[in-house]
Amino acid sequence: MTIYLKDATFIDWQSFEISRTNLAVESGPGAGISLSGNIPGTENLGAEDRIIDCKGKFVTKSFACGHHHIYSTLARGMPAPRTIPTNFSEILEYVWWHIDKRLDLEMIEASALASAIYCVKNGVTFVIDHHASPFAIEGSLETIANAFDRVGISHMLCYEMSDRDGAEVREQGLAETDTFLSSGRAGHVGLHASFTVGEKLLADSIVLAKKHQTGLHIHVAEDKADQKHAEANFGKRVVERLSDAGALELNKSIFGHCIHLSPNELQLLQNSGVWVVQNVESNQNNNVGVAGYGEIADRTMLGTDGMHCDMLRSAKAAFLVGQATEGIGFDTIYERFRNVHHYIRSTGTAGDADNNLVILDYDPPTDLTRDNFLGHFVYGIDARHVESVISMGRLLVEDRKITTVDEKEVLTQARAMGRKLWDKL
Ligand SMILES: [Zn+2]
């Protein structure tokens, strides 16, 4: 199957070179695109081939999310917690751990489908997710994977293991991770954070990650409480603990947040191949502080932390926060926004090749050129300009409508699942 994008204005996502051209987009996980060339006449089109008129539209590589939590989908608009949290630990205890313990597979499926629709309508065609549902662990990752597959977006998933709910739940998390990764699905060995992960679980996780040739996906020093706990219980700081356990030797590892790090921890990260993911809106929402990431610039990417599904919004938020923390420039925030593609490629995971594209209906008030593209990226282009989206050469969103699933049906089911969840809170 080939999708022909006729008269497109193509922006190369790495060089910003702009070409007015026809594009042929081949389908399949590793397939590519070719620029220019003629559009075949209707008599020469394959049965499934499509021609999309892109006159006046910009086309560029679609987006990817470095850290998401689909399990937060049904939290939107939920009743206030019985006790109002006053710090980060209480936010986890009274809000997130209260919710995730009540999730079942039906709710997880609805959350994943709704979240996947929001992602793809925002131009996001690859999601790295971190999932928690301590009393519905078995089958949770395959449920999410199937939902993402139905919508048509690619993924790396993990189950967020911890010791907060006892040994049985911990062992279920290890079993689910092993089963999921053994099935050939792409993902990580997920851990919540140092302060909820005991020595045995950490050691078991490293063994499991090595078995499946992947890395850990863990929240690191999101709040100062994580560091206090590590110092009090292990006599070292979080990254030092992870380093001593062997996590920094796993180059596919993703460390979320990394806000409260000492110079030694930064040095350890710099000397490793581990990737870091920045989620500034979540950090502001939880009032845990914000950090600069200049020391690990080449391996810092952006996520949403489950706050929303819009990576253009994450980039703009990180740009604004970055003015105070590190005097960030247009080029750096764009690199950080796009680093996730380098990460995905480094893991050898399929689904993020050149045939993942967004068609933008962006009608700027000033010229957009190779030299000023980044100004348009930071101050102009946002999710409402995403008109159509192609993932692995498949048209998932056409004229702002999802083609693969019935959006209305999915959201109706999600609302029913939301009510079911809220009744249990
Ligand atoms: Zn997170």
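## Helix α4

Helix α4 spans residues 167-182, 16 residues in total, and reaches 22 Å from its first C-alpha to its last, close to the 22 Å expected at 1.5 Å a residue. That expected span is 1.5 Å times one less than the number of residues. Helices (H or I, at least four residues) and strands (E, at least two) are DSSP runs, numbered from the N terminus. The model is a predicted one: local features need pLDDT of at least 70 and side-chain atom pairs count only at pLDDT 80 or more, while totals for chains, interfaces and linings use all residues. Residue numbers start from 1 along each chain as its sequence is written.

Just after α4, G184 has a positive phi of about 95 degrees.

Domain 1 (2-62 + 352-402) and domain 2 (64-347) divide the chain; the bounds come from an automatic or database domain assignment. Taken over C-alpha atoms, the centres of domain 1 and domain 2 are separated by 30 Å.

In domain 1, 21 residues are in contact with 26 residues of domain 2, contact meaning C-beta atoms, placed from the backbone, within 7 Å. On the side of domain 1 that touches domain 2, α12 (373-379), β15 (386-391) and β16 (394-398) are the elements that give two or more residues. The largest share of that side, four residues, comes from α12.

## The largest nonpolar core

The largest nonpolar core has 121 residues, of which A116 and V120 touch the most other members. Such a core is a set of buried Ala, Val, Leu, Ile, Met, Phe, Trp, Tyr and Cys residues joined through C-beta atoms within 7 Å. Helix α2 (residues 105-121) gives the largest share of this core, eleven residues. Domain 1 and domain 2 both give residues to the core, so it lies between them.

Apart from neighbours within four places in sequence, A116 is in contact with A147, F148, V151 and I153.

Note on methods. Contact = placed C-beta atoms within 7 Å. Buried ≥ 20, exposed ≤ 12 C-beta atoms within 10 Å, placed from the backbone.
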